[in-house]
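Please examine the structure shown below before reading on.

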Amino acid sequence: MVFAVVLLGAGAFFTVSALRLRRWALIGHAEDRTNDPATRTKNLLLIGIAQTKIMRDGFGGLMHALVFWGFCVLALGALEILIQGLVDGFSYAWLLPRPLFVVYVLSQEIFCGLVLLAVGWLFYRRLVIKPARFAGDPVHGGDALFILSMITVLMVTLLLTFAMEIHAGASAAGHILSAPIAMLLGGLSSDAAHVLGRTSWWIHALGLLAFANYLPFSKHLHVLTSLINTWYSNTSGPGRIGAMRPMDLEAEDAEQFGAADVEHLSWKNLMDGYSCTECGRCTAACPANITGKKLSPRMIVVKTRARLTEKATVLDAVGGGTATMEQQAVLDKNLLDDWITEEELWACTSCRACVEECPVSIDQLDIINELRRDLVLMESRFPEEAQGALTSLERNGSPWAYSAADREAWTEGLDIPTMADMVAREERPDILFWVGCMGSFDDRAKKITVAFARILQAANVKFAILGQEETCHGDPARRMGNEYLYQMLAKGVIETLDGYQVKTVVTFCPHCFHQMGNEFPDLGGHYEVIHHTDYIERLLNEGRVPLNTEHGQRLKVAYHDSCYLGRYNDIYDSPRNSIRKALPVVTLVEPPRTKSRGLCCGAGGGRMWMEETEGKRVNVERTEELLATGADTIAVACPFCMTMMTDGLTASGSEVPVLDVSEVVAGQLRV
Amino acid sequence: MKIAVCIKRVPVMEVKFAITADKSRYEETGLKYDINDFDLWAIEAALQLKEKAGTGSVHVVCVGPNAAQEQIRKAMAMGADSGALLETDTRNYDGLAVARVLAAELKDGGYDLVLFGRIAIDSMNQMTGPMVAELLDMPVVTNVFKLDINGATGRAERVLEGASEVVEFPLPAVLTIDDGLNKERLPSLKGIMAAKKKPLEVKPANLGDAAVTVRSMALPAERAAGRIVGEGADAVPELVRLLQTEAKVL
């Protein structure tokens, strides 16, 4: 009877907390996250139940996974305990056939033991190993120790409860841990055993209720929300998953563009805040953070939740009434500036390493992008150096102030037709070679352009370029938050492409590749866009590239993954395969951070056009990692990476050459 | 503080210009246009003065073709309150004709300040500002790179060759703004949306007969390719000789 009242009270309190959290999250704007149940189920099973992302952290990940699985299995036992409080002596033995019941008991015992082992190790890690990622940010480390202690108490009292039941004569079948404990405590009088058993039971039962009610107020809320968060995560698949949120600039009544405060974010962004347990995997993978910038993706999420709590608490208190001066002061604050600074936001290279690492499918980058949009679209605030790029994009259709007339300067002597030439001859190319601004104007990148064009010519591919009709698609502007300029430029490009009825586009710039292939569809541009590494691999597989296989150099190549190719589009193999196929004797070496864990070159997210004065330079950090592999050549598949790696090598005083994958292949052409 | 800013629509310079067959003008196809850079700084100066004063208005005036509404809207997106286009299709190199049209427009406006960019990057005459000042009978300060307005007087620093000069002037006055006073703001989307609703008056301008006409126009001569004279100390005498006789820089 006493327990029934406690249970009812705890249940009511928990419900109130849960409903409050739901109401707060709905301060965010609406967003449909119900499409594609198949992918959602897959994410739930793999990332949620099978814990694939948490396992990226090796042994620590496995330990945490044990606690999670233990939590799932022991939840059954918790239910049994709670029913016992209402129905004296209740046991699943009443419902289950005997063998099944013993299996159930065994499962409880096994996981109780595993959880205790895992928790022991997690204590050891927090107190003795102290991984760097737990420190650094002002997060709730004490909270973690508290929760580990609580789990320990729950496990120990559960085993003691079982043991004392056995002491009183219950069957020991399946009780592989508590039976030995009962034996150890065999000397206890039956009264003492009864008291110990009942006390353990009460501590366990009340502990469960306290635990559940503590969660909504702690960083361990993820226990309740992570599976839900994973279910509602972005399911749009490779490429589309990194596409920025579409934005309707023509909406008549729109008064806010981007996010300055929590209500401008979506409910999912806010739920991300609930799901973060401050583990720091994102921050440990962040190129800006690694090199000493102020940005910590973890803090972006932690601050979002803190601001939501701050604001929503006041909103609740004010209700329909008038806010006091103090309350108004809190309401007048913003997530932007008062919690998250401009400096943090501009440090982001949009490399997606944080999103990739998060075990509970939080999208830190989405929040950063929305805040950047507010800065630029609402307030015209951005690093001064970026203004040149934005002005040039507007005036010249390129982030660099070059004349469109120079776009085809690289074709001199190469006999490269433009689309206009082809149309004039009443011909149609199989592919449009999208050169990109770097490929057109940057002296180093122009060599990549020529190398790729030579491969296309050697393979007898019928292709054309746009020449002077090519302009930037606006991706740099979009990444810097200038959606207006982006849409203007992107729509212009789509008009040009549609004018020539272009179907297939091949480009060597991963940013062009991502933008045109994955983000143009939102503006009505639908093309098959292929990255040159995929295209070269295809040509090599078809045996269409005449290669000089005898005089292959013996090279040791470290391939540096481009973020927009790898994490954004899941292309990791074709650059490597192309190198292997073109060079008969080659050793591909990998730095510790590679493929989906590859470190950004530092140029993404518009960083290409901003100064990097704080901390170490990202490209230097990355170049050092690549050089440490002992490679004699560094291969890239992105003109931005090319610039950053080349500069990084110069800074390190190294003479190791940087080659684009197409240059590696073109170097082997039999011509 | 009531400020007028006179702006000019000019071609974006990062393109290759071509001259028409009759050599009277440059080809306009393929050109893009923007506000003259120096005028952007004049707009920025006006906006900052208004913001500092906390009150006032910024009015933008442009003599140009109908399409120049685009540039006026941009100025409004930056923050100007209103604009007027004095429409003409004449491409006029006669600064005085333009100055007369502007002065007539500004005469009864009661402006405390009339700002110009120091120079238009296409015609490079730098005469319209001072001419308007003369026609309006106002003091003029040219090449301003530092500015401080205090009540009815102003104090400005002017760029001189290798030096600067501080001058004081009473308001109302005409100023021409130089590089270095400020960095213009980029319009925010919010500003662009707001600009669509701001008042823009379009009226025909009669420039009359031009006192100056362009007879011929030519592109600068192509730069000759660099020449390597030789290597090491042996090449120095020949290099010096060429610098003296050919390049004539020594």
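Ser578(A) counts as buried because its relative accessibility is 0%, whereas the cut-off for a buried residue is under 20%. The model that gives this value is a predicted one. Ser578(A) is placed in helix α25 of chain A, which runs over residues 573-582. What surrounds Ser578(A), apart from its neighbours within four places in sequence? The residues in contact with Ser578(A) are Thr533(A), Ile536(A), Glu537(A), Leu540(A), Val661(A) and Val665(A). The side chain of Ser578(A) also has a polar atom 2.7 Å from the backbone oxygen of Ser574(A).

The next stop is another helix of chain A. Which residues of helix α8 (residues 222-231) of chain A are buried? They are His222(A), Thr225(A), Ser226(A), Asn229(A) and Thr230(A). These residues lie on the same side of α8(A), because the arc that they cover around the axis is only 135°. An α-helix has 3.6 residues a turn, so residues three or four places apart point the same way. What do the buried residues of α8(A) pack against? Their partners in chain A are the helices α2 (37-49), α3 (58-86) and α9 (267-275).

The last stop is the place where the two chains meet. Chain A gives 24 residues to the contact, and chain B gives 20 residues. Between them, chain B and chain A bury about 1,800 Å², and 54% of this area is on carbon and sulfur atoms. On the side of chain B, the residues that lose the most area to chain A are Glu14(B), Leu186(B) and Leu189(B), which together make up 37% of what that side buries.

One salt bridge joins the side chains of Arg395(A) and Asp34(B), with 2.6 Å from N to O. Between chain B and chain A there are also nine residue pairs in polar contact, with both residues at pLDDT 80 or more. In chain B, the elements that give two or more residues to the side touching chain A are β3 (33-35), α1 (37-53) and α5 (189-195). Of the elements of chain B, α5(B) gives the most to this side, with four residues. By class, the side of chain B that touches chain A consists of ten charged, nine nonpolar and one polar residue.

Conventions:
Residues numbered from 1 in each chain as written. Chains lettered and ligands numbered in written order. Predicted model: local features only at pLDDT ≥ 70, side-chain atom pairs only at ≥ 80, totals over all residues. Heavy atoms only, no water. Buried < 20%, exposed > 50% of the residue type's maximum accessible area, 1.4 Å probe, protein only. Arc of directions from axis to C-beta. Contact = heavy atoms within 4.5 Å. Buried area = accessible area lost by both parts, 1.4 Å probe. Salt bridge = Lys/Arg side-chain N within 4 Å of Asp/Glu carboxyl O. Polar contact = N/O pair within 3.5 Å; in protein donor to acceptor, adjacent residues only side chain to side chain. Nonpolar A, V, L, I, M, F, W, Y, C, P; charged D, E, K, R; others polar.
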